[in-house]
Amino acid sequence: MTAVIHSKSERIDVRASAPVKQLLQEAARVAHKNVSEFLLDAGIVAANQTLADRTRFELSDEKWLAFQAALDQPVSTKTKLKLKKLLSEPGLLG
């Protein structure tokens, strides 16, 4: 992963419990970083992982054609009923 160096002009404030702060301080110490560096590095990695499957995916030519063919298929009545059921029921988060 290529890192881009930008000047640090923005501030991010984080509140944590004492045990979490101690945990982060210990992890930063072991990684030979200060807490800010540790949190920023970990946050960048987590953000990239979270966004990776939402922003880009790669397929071989063969799989790309299969993907396009699947998108071009009409939606079946059975699939429509499953989707309607899914959208009408409460989800895991309520």
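Below is a short chat about charged pairs and a nonpolar patch in a predicted model.

Biologist: Hi! What should I know before I look?

Modeller: This is a predicted model, where local features need pLDDT of at least 70, side-chain atom pairs count only at pLDDT 80 or more, and totals for chains, interfaces and linings use all residues. Residues are numbered from 1 along each chain as its sequence is written, and side-chain values use heavy atoms, with hydrogens and water left out.

Biologist: How many salt bridges does the structure hold?

Modeller: Three. A salt bridge here means a side-chain nitrogen of Lys or Arg within 4 Å of a carboxyl oxygen of Asp or Glu.

Biologist: Which residue does R29 pair with?

Modeller: R29 pairs with E26, and their closest N and O atoms are 2.6 Å apart. Both sit in helix 1 (residues 18-30), three residues apart, about one turn of the helix. Helices are DSSP runs of H or I, at least four residues, numbered from the N terminus.

Biologist: Is R29 buried or exposed?

Modeller: R29 is exposed, at 53% relative accessible area, while E26 is partly exposed at 39%. Buried means under 20%, exposed over 50%, and partly exposed in between, using a 1.4 Å probe and protein chains only.

Biologist: And what joins D41 to K33?

Modeller: A salt bridge, 2.5 Å from N to O. D41 is partly exposed at 34%, and so is K33 at 32%.

Biologist: New topic: which residues form the nonpolar patch on the surface?

Modeller: F57, L59, W64, L65, F67 and L71, with about 610 Å² of accessible area together. Patch residues have over 30% relative accessible area and no salt bridge, and nonpolar side chains are joined within 5 Å. Areas come from the Shrake-Rupley method with a 1.4 Å probe.

How values were computed. Patch = residues over 30% accessible without salt bridge, like charges linked within 9 Å, V, L, I, M, F, W, Y side chains within 5 Å. Helix = DSSP H or I, 4+ residues; strand = E, 2+ residues; numbered from the N terminus.
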